[in-house]
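Thank you for making time for this short talk.

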Amino acid sequence: MRKLTYYVATTIDGFIASPDGGSDFFPVAEDLAAYMNARHPETVPTAFREPAGLADAPNLRFDTVLMGRGTYEPALAAGITSPYAHLRQYVFSRTLTSGDPAVEVVPDDPLPFVRKLKEQEGAGIWLCGGGRLAGALLPEIDELIVKRYPVAIGAGIPLFSAGFHPRRFGLADCRAFGNGAAVLTYAGGLD
């Protein structure tokens with residue numbers, strides 16, 4: 001069975017984006033970018049792969065990406081209809097339509113869809129965001145890779161947006177970087 005990994009950046013107060021969806025407040029660190037690019041090159045958007053030296057990098061862990069509408073819309077606003085052309089792309093939205101055949105818009109409940117997706121052959125599935133989609137998929141998340149940055153913003157889009165449904169994860173790895181950021185990897189299935 002395929003694994004669903006929620007790989008995302010967050011503030012120390014648990015937000016993945018500002019209230020308007022922005023994320024330009026996350027501090028850049030070359031050592032962190034090099035570490036993540038070496039381990040997860042497929043998480044770099046297609047338009048940035050060549051400048052990052054990843055144009056020919058193979059997909060190491062994931063062949064599929066899941067996005068909520070709010071995660072997908074910044075690419076659309078920039079005129080990019082297929083932000084991860086090197087992956088199978090699914091966008092969950094009841095109102096959005098896609099003009100790009102490489103992006104499948106899923107208007108249905110994400111939980112049963114992802115359960116079926118996990119049963120298919122293939123590599124891992126990357127949950128790119130956002131918080132509402134992560135909240136809906138919490139029962140199916142097998143792993144969390146959280147880039148936690150040393151910044152607090154006070155309000156914004158939370159890491160998970162859902163009702164109260166505790167789910168336990170175990171810390172599998174922790175790495176710190178020069179800018180004070182840490183990458184925390186958690187394994188699910190402790191319930």
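Let me begin with a term: a salt bridge here is a side-chain nitrogen of Lys or Arg within 4 Å of a carboxyl oxygen of Asp or Glu. What we are looking at is a predicted model, in which local features need pLDDT of at least 70 and side-chain atom pairs count only at pLDDT 80 or more, while totals for chains, interfaces and linings use all residues. Residues are numbered from 1 along each chain as its sequence is written, and side-chain values use heavy atoms, with hydrogens and water left out.

By the salt-bridge rule, the count comes to seven. One of them joins the side chains of Glu143 and Arg61, at 2.5 Å from N to O. This pair links distant parts of the chain, 82 residues apart, with Glu143 in strand 7 (residues 143-149) and Arg61 in the loop between helix 2 (46-49) and strand 3. Helices (H or I, at least four residues) and strands (E, at least two) are DSSP runs, numbered from the N terminus. I will call a residue buried under 20% relative accessible area, exposed over 50%, and partly exposed in between, using a 1.4 Å probe and protein chains only. Glu143 has 10% relative accessibility, and therefore counts as buried, whereas Arg61, at 28%, is partly exposed.

Next, Asp142 forms a salt bridge with Lys118, and their closest N and O atoms are 2.8 Å apart. Asp142 lies in the loop between helix 5 (131-137) and strand 7, and Lys118 in helix 4 (residues 110-119), so the pair ties together parts that are 24 residues apart in sequence. Lys118 is buried at 2% relative accessibility, and Asp142 is partly exposed at 27%. Both belong to a network of salt bridges that links Arg115, Lys118, Glu140 and Asp142.

Which residue does the side chain of Arg2 meet in a salt bridge? The partner is Asp63, with 2.6 Å from N to O. Here too the pair links distant parts of the chain, since Arg2 is in the segment before strand 1 (4-11) and Asp63 is in strand 3 (residues 62-68), 61 residues apart. Arg2 is buried, with a relative accessible area of 4%, while Asp63 is partly exposed at 22%.

Finally, let us turn to Gln89, which is found in strand 4 (residues 88-92) and counts as buried at 2% relative accessibility. Leaving aside residues up to four places away in sequence, Gln89 touches several residues, including Val65, Met67 and Ala102, where contact means heavy atoms within 4.5 Å.
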